[in-house]
Amino acid sequence: MYQLTDSIYTTNSWNIKNKKVDKDQIINNGSIFLIGNGYMGYRGTLAEWNFDQYVGCFITDTYDKADNKWKELCNAPNPLYTKLKIGGESLSVFNNEIREHNVQLDLRHGVFKRSTVLKTKDNIEVQIESERFASLANLHLLPMKYSIFADKACNVKIKTGIDGRVWDLHGKHLEKYKTFEEDGLLSVQTFTKEKGIELDVVTKRIFPEDIKFNYTLNKTHNSIYEVLEFNIKKGEKFTFYNIASIYSSNDVEKPLKNARVNCEESYVTSYINLKKENNKLWDELWKDIDIKIQNDPINQTALRFNLYQNIIATPMHSQKLPIGARGLSCQAYQGAAFWDQEIFNLPMYLFTRPEIAKNLLIYRFNTLGGAKDKAIKLGYEGAFYAWISGKTGQELCPSYFFKDVLSGREIHNHFNDWQIHVSPDIAYTVWYYYKVTGDFKFIIDYGAEIIFEVARFLYSHSYYKMDKGRFEFIRLLGPDEYHENIDNNAYTNYLSKSVLEIAIKIYYKMNRENKKKLERIMDRIDLKEKEIIDWEKMKENLYLPEINNKNKLIEQFDGYFDYEDTTPHILKKRLLDPDEYWGWPNGVAVETQVIKQADVIQLFCINNAFDRSVMEKNYEYYEARTQHGSSLSPSAYAIIAAKVGLKGEAFDFFKDSLFIDLDNKNKSISGGTFIGGIHTAACGAAWQIVVKGFAGMEILSGGILFKPHIPKRWESFTFKIKYMDQKFRVQINHKNIIINSLKNNDHFVYFTISDQRYKVNTGSSKIIDYRKDERQVKEWSNADGGKKQ
């Protein structure tokens, strides 16, 4: 057994377990022990709990606005509700003596398990066992197995069915309930408040035939239950199965019919076979995505937990839906995409399952209309992507996001109109997809139009300064969200120049090789050749914050170095209320150099043009001034610390990122806004820390580069990548990097290690001593200690 946190442990690095019942951690544990499949997410709660314990079954593509402000995903009626009475006494982990208790999440197969022994007032010990999974093989299916066992003969009463009392963050989304039983199926039909989306839940229970029981049907306006009463003997085990199916009218034309048929067909297939089908698909996913660490079971488990959460948050089945910033763990952040999707979540898929990365980018193509609408509304041209993007790409981010806890007044933030980097983030990732896959057909069919429209937006947003002879971006909000209304954010400006270069490159490549298709795109979006000339002029004259020759620092934005130079520790003492928002317009950090999260350091994560000395000096400067108030921050600092050879600090930030959710003791409310749930961007970034940070992987023109920086405590680590449709297994220890070209590959790939280029042929392996490069890094950085204070 290996203890991960005060309450969570693992027995085999493929599971997480918890023996404690902590009322204060119900929200967090419900997220941590989440099961899901990209269509639905079912929180890690107990079967007898209800909305008071934040039970949730969140369904993709059910966006609804109930309070005239927040559009968010709907929480479906709970199809797995099961309440147990023994001798007339309701059993509860809050009221009964707990003799044993354990909840478990099987990360390998996405199965939640619970085992609890409770003692009744009559001194009967009752064991409750249950397990459930959201099927990968049948996305609409949610099967459960439930068993009870008593050490004495007793009377049992089970109330099981569909609980329509749901937990919502911002108003009640479901109305017009209809509950009924027909042909052994329990059904709840309901409709969303704003759009009238039909959301239907159907269940079928399979009870043992050898138990005689009294049966009653219990209905309310929004719930329907079956109530069974029977006697069991000492040592007798009672087990039943619940097969639940959920559909919405955004999935199919007749969701109720489909849910009923799915239940009936799945009923014929046994629970065991349903589970086998699910497990098979999970095994196939892990073959590509898993990262194996030797000699570190705690961080191995935490890493797999993060990869698992990234997987279940991803709508792999769709090209029209995003990865939500909190996945399907709750309604926070509206089940919608931020820039996180492209910069943090997507790279794991790009190098393991590129077809999933492609789907996510096609989602951005499908939401171009919303991005263009936003640009027009704000007075620009091209595609200004939504800061918070749902199915249509219309902006979901309200202008008033937080509340001032001192005055109670809403704060007007500008995440939705000044944070323009979301558009070049997407365009950059489109090109990155091409660099990794070589799939230029995707660029022709989808990517070119995205990139052209983003370039068009960037040109329309820029200002040409006649006196300085340069283009600038003003009134911005960079990755650091504490400083709004700033000019020439380094991250935004550098990334924008890259996108302009990419747009120009695509234009000329298509003009040479795919002229007719280029002309069709230009006709469709009314793109003129003069605009290409404008982009070229802007690319050549766009202002980029320069590297200071003396200290090698890049100023985060104009005037940043003129602000008060202090630290997060000092600022914290200035707070009048611990829940104050630190940022714009009047937070304690606004006129200081204290930043919320990685900004210049984030730039280094996606732009490999900066040398190690520049990265090291900026890392040292900005890390001391970073609050790490965002879950996105530790991963960026981990990657760059690894790249500059600061192994100890890299490993510390790696752990910080891995345990953001697992060891989350923070409140779920900030500035009056619920922000609980799984931090999916940090989960996706975990893969990048290992592969881009510790393995030092970069994509070069015509190959892959590795500069390993393996953590001291690891013996080795192994992962797979896919590049140009070729699969490789990579193992790194403290001396060698071993690259295996897998058997189905059909051409060679070049790898660069320690300044040497190696050709790895189909089906072959290379064992390369990389320590020369390691010694160079150590000599240059002269540091390998713990995180600086």
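What follows is a talk about the labels on this model and the values behind them.

Modeller: Before we start, this is a predicted model, where local features need pLDDT of at least 70, side-chain atom pairs count only at pLDDT 80 or more, and totals for chains, interfaces and linings use all residues. Residues are numbered from 1 along each chain as its sequence is written, and side-chain values use heavy atoms, with hydrogens and water left out.

Colleague: Fine. Why is Gln309 called buried?

Modeller: Buried means under 20% relative accessible area, exposed over 50%, and partly exposed in between (1.4 Å probe, protein chains only). Gln309 has 1% relative accessibility, so it counts as buried. You'll find Gln309 in helix α4, residues 297-312. Helices here are DSSP runs of H or I with at least four residues, strands are runs of E with at least two, and both are numbered from the N terminus.

Colleague: What is Gln309 in contact with, leaving aside its neighbours within four places in sequence?

Modeller: Contact means heavy atoms within 4.5 Å. On that basis Gln309 touches Ser31, Ile32, Leu34, Ile678 and Cys683.

Colleague: What makes helix α16 "largely enclosed"?

Modeller: Of the 11 residues of α16 (633-643), 11 are buried, so the rest of the structure largely encloses the helix. Among them are Tyr637, Ile640 and Lys643. The cover over these buried residues includes α5 (340-350), α14 (600-606), α15 (612-623) and α17 (647-662). Just after α16, Gly645 has a positive phi of about 85°.

Colleague: And why does strand β6 get that description?

Modeller: Eight of the nine residues of β6 (57-65) are buried, so β6 too is largely enclosed by the rest of the structure.

Colleague: How do you know which strands β6 pairs with?

Modeller: Two strands pair if DSSP finds at least two bridges between them. β5 (40-42) and β6 run antiparallel and are joined by three bridges, with Tyr42 partnered by Cys57. β6 and β7 (71-75) have four bridges, also in the antiparallel sense, and there Lys65 is partnered by Lys71. β6 and β7 form a hairpin with five residues between them, and Asn68 in the turn has a positive phi of about 65°.

Colleague: On to charges. Why is the pair Lys275 and Glu131 called a salt bridge?

Modeller: A salt bridge needs a side-chain nitrogen of Lys or Arg within 4 Å of a carboxyl oxygen of Asp or Glu. For Lys275 and Glu131 the N to O distance is 2.9 Å, which meets that cut-off. Lys275 lies in helix α3 (271-289) and Glu131 in strand β12 (125-133), so the pair ties together parts 144 residues apart in sequence. Both Lys275 and Glu131 are buried.

Colleague: How many salt bridges does a search of the whole structure find?

Modeller: The search finds 36. One of them joins Lys374 and Glu395, with the closest N and O atoms 2.7 Å apart.

Colleague: Last one: why is Leu406 called partly exposed?

Modeller: Leu406 has 47% relative accessibility, so it counts as partly exposed. Leu406 is in the loop between β22 (400-403) and β23 (410-412).
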